[in-house]
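Have the viewer open and follow along.

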Amino acid sequence: MENNHYHRNQNPHVLMMAYPLQGHVIPFVNLALKLASYGFTITFINTDSIHQQITKARQPTNADDGEDIFAEARKSDLDIRYTTVSDGFPLLFDRSLNHDQFMEGLLHDFSAHADELVGRLVNSHPEISCLITDTFYVWSSVIANKYNLVSISFWTEPALVLTLYYHLDLLRSHGHFDSADNREDAIDYIPGVRSLKPKDMMSYLQAKDTSTVVHRIIYKAFADVKRVDFIICNTVQELESETISALHEKQPTYAIGPIFPPGFTKGVVATSLWSESECTQWLGNKPRGSVLYASFGSYAHCSKNDIMEIATGLLLSEVSFIWVLRPDIVSSDEHDFLPVGFKENIKDRGLIVTWCSQIDVISHPAIGGFFTHCGWNSILESIWCSLPLLCFPLLTDQFTNRKLVVDDWRIGINLCDKKSITKEEVSDKVNGLMSGKPGDEARKNVKEVRKILENAISSDGSSEKNFTRFIDDVKMKIVKRCGPA
């Protein structure tokens, strides 16, 4: 489709489509705000289901489906439009309980809905010139090419994770992935990665069964990403310089992170998929640095046994804590997973909530450490708040993120290397993090890494320079592809 309504001096109109999971929506919204602050026009696309969840979480009693999550942001003269698309499932379908079925839909059916919406938008706004999609979408380059749009893949995790997926063929040919008996020696042949133990790969690359729906999404998405025009990463050049440089040799790749809301505080755009409990009042009377924040993210599930051991370990530790426990943390149909009498035993020493504004909580002076599943957003946010980490990865990139946190940057400690965790180990490690030598060491290092983040997003820092270079390169690409009108 011809699309040549672009002037060299005008700002691009970009379509952005976030992946329908909490940890992906947040950086996508923050990127939309950043691009709009540079004068871009943005049309942001959420799935109907994500939109409804956000709206319901914000106004449980009055979920007005017509509400636009960017309404407040537009008051600052940002040109961000908003629309939604069906993911192919009914709104009431339980995507968490029927995970594989939902993923099959994203793999096979969602592209038709995305294609139809992009076509309609481009027809009514011929000046649209770019498509920014999550790297996990399997159709990005195909739809971008169909409508003659510059294709940009936004990777919301560290570059180390990106490059491992990018080089699946190398891992396979060396027998570290998808072989009858995977090798267990170090991986030292991935461009830009010095050495890596197989246990530090993403859970999907350690799996015996490599035919699952998530594996098929990964294969297709990472074949597709090799055909896009640009890759942008929510990471920092200085923290992963060799990895980023090696990727950049293959394809234009820019480290532009950390992409936080302006001023880091809770943003004007609602992104939370659950109603948030207010925790800052409870924190108000706790001594500085005395409270542990525990949260295992929005997506991965824990075993009931692990939750029991962690709960008992927190009791034993005698440390004050806020623990975020999603109602579906074990599974959608298992709600009774805490030890009998646990809530009574913790009295005022602990606060259990189903969800909260993480940024509000971890930036509170009473918080002294973060017990985390090692989701990438959580790691970047806790570095920004100079919090040491207790690492408990559950799924996907979290094992690789832990390697960066514990081995490379030394800003956290590992909960356990064994298959199962024990209450004694939880108690020991929590105390070690909050008031022991390992915590002091990690606390010292995280302040240094925080400086790296701060420098990167300052006006002459690497992320800011990369962002400007990325914008210039995109504009040049648009002119080349569309020609000045």
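## Helices 18 and 19

Helix 18 crosses helix 19 in a right-handed sense. Keep in mind that this is a predicted model. The two helices, residues 423-435 and residues 437-456, pack with axes 5 Å apart and an angle of about 50°. Angles from 65 to 115 degrees would be roughly perpendicular and those under 35 degrees roughly parallel, so helix 18 and helix 19 end up oblique to each other.

Who touches whom here? On the helix 18 side you'll find Gly-432, Leu-433 and Met-434, and they meet Lys-437, Pro-438, Gly-439 and Arg-443 of helix 19. Sorted by class, the residues of this contact are three nonpolar, two polar and two charged.

## Helices 4 and 10

Next pair: helix 4 and helix 10 (residues 213-224), whose axes cross at roughly 25° and come within 9 Å. Helix 4 and helix 10 are therefore roughly parallel to each other. The crossing of helix 4 past helix 10 is left-handed.

From helix 4, the contact uses His-99, Asp-100, Met-103, Glu-104, Leu-107 and His-108, while helix 10 brings Val-213, Val-214, Arg-216, Ile-217 and Lys-220.

How much space lies in the second largest pocket? About 880 Å³. It has 32 lining residues, and those closest to its centre are Gln-53, Asp-94, Ser-96, Trp-274 and Asp-328.

Helix 4 turns up again here: along with helix 2 (48-58), helix 4 (99-108) gives two or more residues to the lining of this pocket. Helix 2 has the largest share of that lining, with six residues.

## The cavity

How many cavities of 30 Å³ or more are there? The count is one. The largest cavity holds about 60 Å³ of space.

Its lining is made of Ile-26, Pro-27, Asn-30, Asn-234, Pro-258, Ile-259, Phe-260, Pro-261, Ile-359, Asn-377, Leu-380 and Glu-381. Helix 1 (22-37) and helix 16 (376-384) each put at least two residues into that lining. By class, the largest cavity is lined by eight nonpolar, three polar and one charged residues.

Definitions and conventions: Residues numbered from 1 in each chain as written. Predicted model: local features only at pLDDT ≥ 70, side-chain atom pairs only at ≥ 80, totals over all residues. Heavy atoms only, no water. 1 Å grid on protein atoms, 1.4 Å probe; cavity = no way out; pocket = protein on both sides within 12 Å on 5 of 7 lines; lining within 4 Å. Points joined across faces, edges and corners; volume = space filled by probe spheres on them. Helix = DSSP H or I, 4+ residues; strand = E, 2+ residues; numbered from the N terminus. Axes fitted to C-alpha atoms, helices over the stretch in contact; angles between N-to-C directions. Parallel < 35°, antiparallel > 145°, perpendicular 65-115°, else oblique. Left-handed = near helix turned anticlockwise from the far one by under 90°. Contact = heavy atoms within 4.5 Å. Nonpolar A, V, L, I, M, F, W, Y, C, P; charged D, E, K, R; others polar.
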